Amino acid sequence: MTRKFHLAFIFNFTPDDWQGPFGTGGSPWDGRFHTEVAQALERACFDYVIVEDKLMVPESYGGSSEAALKQAMVVPKHDPVPLAVAMGLATRHLGIVATLSTLAYPPFMTARLASTMDSMLGGRFGWNIVTSAEDLAARNFGLEELPPREVRYEMADEYVDVVKQLFASWDPDAVVLDRDRGVYADHTKVRPIHFKGKHFSVRGPLNTVPSPQHRPAFVQAGASPRGRVFAARNADSIIAIASGVESMRQFREDVRRHAVDFGRDPDELKVLFCVTPVLGETEQDARDKQARMVSSPEFIQDILAQTSALTEIDFARFDLDEPLPYRLETNGEQGSLDKLQQWGSGKTLRELVIDGAGGLVSSVDLVGTPDQVAERMGEVMEEVGGDGFMLTTPLLRLNRRYIAEVADGLVPALQRRGLTRTAYTPGRTLRENLAEF
C-alpha cells in the first residue's frame, strides 16, 4: 500500500483480565492501569483510544444478574468521562474518545461536557455516539422500554443536530480578551439557537468557550442498515465489525455511498474495523494460545453472557451442542447478534462461539507472529481499500502483556512496512490526525 492506515483501541472501564496470570487483580478503579495503557498506545502512535460504556446491570443470561456479576461481564463498569480526563492529562497526542449515550445525557450537557473535555485535552477529545440498546438501561432513565431502532436513530439524528448548533453558538473569535476595554467575550458573537424539533427543545447558547476543535471528533458504531446511514451522516470515524475481507469491503463501500448521498467527501469518514490479534513468538505458539482461549468453558460462557447483555436474548436457554433453532431478532445490538448466529451455517452454538475466535469483535482472523500479522493487516487493508483497524481483545479485557505485544511487537512491525504512523505531527487535533491520510 502507498497510503498509511489508522489504528485505534477500544476497552471498557471494567475489571482487567482479573482471572488470567498476567492480570492486575481486577480492581483498576483508580484509573492508573488504563492510563498506563493509554501511554503505551501513544508510544505506538495510535490515533485514539475509546472507552466503551453500558448503563445497566444485565439480567438477560439465565434470567438474572448472576452470570454477569459472577463473571464480571459488562458489569461492574465505571463512568468513562473521569477516566478520559485522567488518560488525556497523562498523554500529549493520543485522541481520547468517551462514550456518551443520547439516552442518558440531554444534548446541552453532552455539548457542554464535550467542549470542556476538548479544551482540557487541547483538541484531542472525541464523542462516541451511542443510542443505548438495552431496555434495562432505559428503565434507569424513566422509560419502560427503548423506542424501536428506527425511532432511536431518528432521535439521534436530531440530537446530533442540536449538539452541532450548540457548538456553533459561539463564533470561533468570540473570546477577545481585550484588557484595555475590559471585554472578555464579544456578546454579538454568542447567540441562542432556539432549537425546537420533534424530540428536543434547546434554547442555548452553550456556556463554554469554543474548544480547539470547536466540535470534538464524532465516532459511531453502526452495524444495522439504519445505523450505517446515521454513521455516514454524522461520524468522523466509524467502528465496524465484519465477517471477513469481502464483508469489510462491502461495509466500507456502503457507508461511503451514504456519505456521498449526504454531500460529504467519503474520504472524510474513516472506517476502522475491529480485530483481536493473537500474537506469539511463532505461528504455532499463537495458534496454540488462541485454541486454549476459545475452547475453554469460561470463554464460551463469557461470550454468551456478553451476547445476552447486548441483545437481551437469553442464550442460556439454548443447547450448546445444537444449532440455534430459529433465526433470532433483537431491538438491541443486531450487529452483535448477526456476528454470532451465522444463520444457515448448521453449526452448534458452541461451534459458533469457537468459530468466531475473536469473540464478537473480530472482523478477520489475525493469528501469528508480529511480522505475520502485520503483513496480513497490510494485505487486508489493500483489499478493503482503507482506512484502518480498531484493536481490542475478544472480551475487551486487558492485561499488560497483551498491550506490550501490540505496542512493542505488532506496531513496530507495521511501522517497518510503512503501514502506520511513526510519529505525531505536533499541535494536530484528533480530527486533523484522522484527516492526515
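**View 1. Lysine 189 is partly exposed, with a relative accessible area of 22%.** Partly exposed sits between buried, under 20% relative accessible area, and exposed, over 50% (1.4 Å probe, protein chains only). This is a predicted model, in which local features need pLDDT of at least 70, side-chain atom pairs count only at pLDDT 80 or more, and totals for chains, interfaces and linings use all residues. Residues are numbered from 1 along each chain as its sequence is written, and side-chain values use heavy atoms, leaving out hydrogens and water. You'll find lysine 189 in the loop between strand S6 (183-185) and strand S7 (195-196); helices (H or I, at least four residues) and strands (E, at least two) are DSSP runs, numbered from the N terminus.

**View 2. Here's what lysine 189 touches.** Setting aside neighbours within four places in sequence, lysine 189 is in contact (heavy atoms within 4.5 Å) with Ser169, Trp170, Asp171, Asp173 and Ala174. Lysine 189 and serine 169 are 20 residues apart in sequence, yet their C-alpha atoms sit 7.9 Å apart in space.

**View 3. Helix H11 (residues 334-341) is largely enclosed by the rest of the structure, because six of its eight residues are buried.** Those are Gln334, Ser336, Leu337, Lys339, Leu340 and Gln341. They pack against helix H6 (149-167), helix H10 (297-311) and helix H12 (349-355). Next along comes glutamine 342, with a positive phi near 40°.

**View 4. Helix H14 bends by about 30° at leucine 410.** The bend is the angle between axes fitted to the seven residues ending there and the seven starting there. Proline 412 follows within four residues. Just past H14, glycine 418 has a positive phi of about 70°.

**View 5. Now for the buried side of H14.** Among the buried residues are Tyr402, Ile403, Val406 and Leu410. The buried residues of H14 pack against several elements, including strand S1 (6-12), helix H1 (32-43) and helix H13 (370-384).
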